[in-house]
Amino acid sequence: MLVSVIIATKQRPQPLYDAVQSVFQSTYQEFELFVIDQSPDNASEMILSPFHSDPRFHYLLNRRPGFGAASSRNLGIAASHGEIVALIDDDVVVKPDWLAQIVAEFSADPELDFIAGRLSASPYDRTAGYTPEFEAWPYLSRWHFPLHASGANFSMRRRLFDRVGGYDEFCGPGSRLRASDDTDLCWRIVRSGARYKICPHIEVVHLHGFRPQAEAEALFARYQYGNGGNFGRFTRRGDLFAGAWFLAREVKHLVRALPALLRGDRRELMYSHQRLRGFWDGFRLPPNEGFVSGEKLRQMMVSLSETSSA
């Protein structure tokens with residue numbers, strides 16, 4: 001079973017090298033790896049030169065102005081050929097059995113379409129900052145799962161994209177809505193009825209993910225804004241349940257934030273404000289611009305195939 005590993009990156013040459021090297025050190029070797037680089041320089045391409053001679057390695061540039069990591073992920077998906085597509089971030093390293101465990105899960109269940117694996121953090125001082133993690137609790141409810149899963153460790157059958165489409169290019173790092181392209185994809189998977197599984201034994205380590213406290217707070221704010229933006233987008237495209245669910249949840253958050261506000265803690269109120277502002281901004285965006293449907297992704301695949309053949 002061929003696995004296509006996709007890594008979107010921008011100006012993180014050393015973390016990227018560590019990520020790529022960890023994939024090549026996997027116990028399972030039936031893979032192809034695509035790095036899609038949005039960097040304005042060639043530092044990442046140069047540091048990856050030891051891998052260029054391996055036919056499984058592919059390096060692509062993506063310098064579309066105004067588009068972020070989701071655009072690069074779609075490009076990697078369209079350019080790749082594996083039955084299984086696995087996506088990681090450029091600041092993680094995979095466990096040696098990561099690919100083998102992914103293949104084992106998909107081989108054991110022909111109906112399984114999507115896996116969310118664990119994102120663990122290397123040891124760090126929790127009083128000084130934060131490293132994003134996802135513990136991959138298998139019993140996370142289907143409606144809360146999209147808000148918690150981490151796109152740093154996703155894998156799916158290629159056929160899933162025909163069902164739910166690719167990444168929404170208005171979501172995620174470097175996009176108009178700044179974050180949460182993983183929330184967007186997971187919600188659409190849940191709503192489609194596709195079979196998914198949360199697998200804590202399929203693990204990547206956030207080796208370079210530490211943020212000092214001030215940067216961590218800014219990251220949290222982007223997460224909240226992006227999550228709100230997702231649900232604004234869903235609602236504008238006609239998923240009224242998504243809008244109702246989000247707004248009902250937000251009322252609960254506001255009620256729970258009142259005691260903290262009376263104590264002088266405005267953080268939860270600020271996060272709620274970010275989510276609601278994101279919801280409104282996402283709702284105002286053109287509903288189909290940026291969204292890459294399954295048909296559009298297939299067209300990208302054909303176009304890239306014709307270009308490479310020429």
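## Aromatic rings and their contacts

The charged end of Arg73 lies over the ring of Tyr167, 5.9 Å from its centre; a charge sits over a ring if NZ of Lys or CZ of Arg is within 6 Å of the ring centre and within 35 degrees of the ring normal. This is a predicted model, in which local features need pLDDT of at least 70 and side-chain atom pairs count only at pLDDT 80 or more, while totals for chains, interfaces and linings use all residues. Residues are numbered from 1 along each chain as its sequence is written, and side-chain values use heavy atoms, with hydrogens and water left out.

Arg237 also has its charged end over a ring, that of Phe291. The two contacts are listed here.

| Charged residue | Ring | Distance to ring centre |
|---|---|---|
| Arg73 | Tyr167 | 5.9 Å |
| Arg237 | Phe291 | 4.5 Å |

The structure holds 22 aromatic pairs (rings of Phe, Tyr and Trp, the last by its six-membered ring, with centres within 6.5 Å; planes under 30 degrees apart are stacked, over 60 edge-to-face, the rest tilted). One of them, Phe145 with Tyr196, is stacked, at 4.6 Å centre to centre and 5° between the planes. It links distant parts of the chain, 51 residues apart: Phe145 is in helix α5 (residues 145-148) and Tyr196 in strand β9 (residues 195-206). Helices (H or I, at least four residues) and strands (E, at least two) are DSSP runs, numbered from the N terminus. Phe145 counts as buried because its relative accessibility is 0%; buried means under 20% relative accessible area, with a 1.4 Å probe and protein chains only. Tyr196, at 19%, is buried too.

How values were computed
Buried < 20%, exposed > 50% of the residue type's maximum accessible area, 1.4 Å probe, protein only.
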